[in-house]
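Colleague: I'd like to go through the labels on this one with you. Can we take them one by one?

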Amino acid sequence: MPEKRLKRRKLHNKLFTKNRLVILNEDTFEELFSFKLNLMNVFVTVTISAILLILFTTYIIAFTPLREFIPGYSSSKLKRDATVLALKSDSLSNELKKNEAYIQSIQKVLTGELEYAKFNKDSILATSSEAPSKVDLSPSKEELELRDQVANEEKTNLPKEKKKTKK
């Protein structure tokens with residue numbers, strides 16, 4: 001135990017012993033400036049400046065266009081253009097489907113499979129549009145079991161009503 005205290009005391013003395021840093025003019029030995037420092041002050045100053053440097057660098061990379069030069073980051077203009085092109089390609093594919101349905105109907109009229117009186121562009125386009133897919137929203141077996149379990153727990157945790165007595 002005393003050895004540990006002795007080691008701690010030596011470390012404390014080394015960290016908090018005041019030292020003087022003096023800058024002198026070599027020709028005239030004139031003192032330009034001096035600092036009173038200890039190792040703890042130097043350690044804290046270096047640590048804080050390293051953390052600030054890391055934060056500053058991270059900020060520059062994250063919030064400026066400089067990040068576009070780092071591999072793996074894409075420019076915001078490129079992302080915007082990709083989104084616009086994806087929307088255009090979707091709308092063009094829908095128009096292509098409508099045109100193909102219209103051309104097939106015209107071919108049916110020309111081959112005689114369909115009467116001209118029944119041929120209407122709006123009805124053809126309405127039949128070619130895709131209906132929204134139906135999603136099964138019924139609960140699964142696990143979900144039903146969970147609901148029953150929660151309902152049973154709620155029943156058992158209800159506070160018991162006090163019996164009212166008439167006076």
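Modeller: A salt bridge is a side-chain nitrogen of Lys or Arg within 4 Å of a carboxyl oxygen of Asp or Glu, and accessible areas are Shrake-Rupley with a 1.4 Å probe, only the protein chains shown counting as cover for residues. Mind you, this is a predicted model, where local features need pLDDT of at least 70 and side-chain atom pairs pLDDT 80 or more, while totals for chains, interfaces and linings use all residues. Numbering runs from 1 along each chain as its sequence is written, and side-chain values use heavy atoms, without hydrogens or water.

Colleague: Which residues form the nonpolar patch on the surface?

Modeller: Phe43, Val44, Ile48, Ile51, Leu52 and Leu55, with about 580 Å² of accessible area together. Leu52 sits in helix H2 (residues 39-63); helices are DSSP runs of H or I, at least four residues, and strands are E runs of at least two, numbered from the N terminus.

Colleague: Why does Leu52 count as exposed?

Modeller: Exposed means over 50% relative accessible area, buried under 20%, partly exposed in between. Leu52 has 52%, so exposed it is.

Colleague: And what makes Asn38 count as buried?

Modeller: Its relative accessibility is 7%, so Asn38 falls under the 20% limit. Asn38 is in the loop between strand E2 (31-37) and H2.

How values were computed:
Patches are made of residues with over 30% relative accessible area and no salt bridge: like charges are joined within 9 Å, nonpolar side chains (Val, Leu, Ile, Met, Phe, Trp, Tyr) within 5 Å. Buried means under 20% relative accessible area, exposed over 50%, partly exposed in between (1.4 Å probe, protein chains only).
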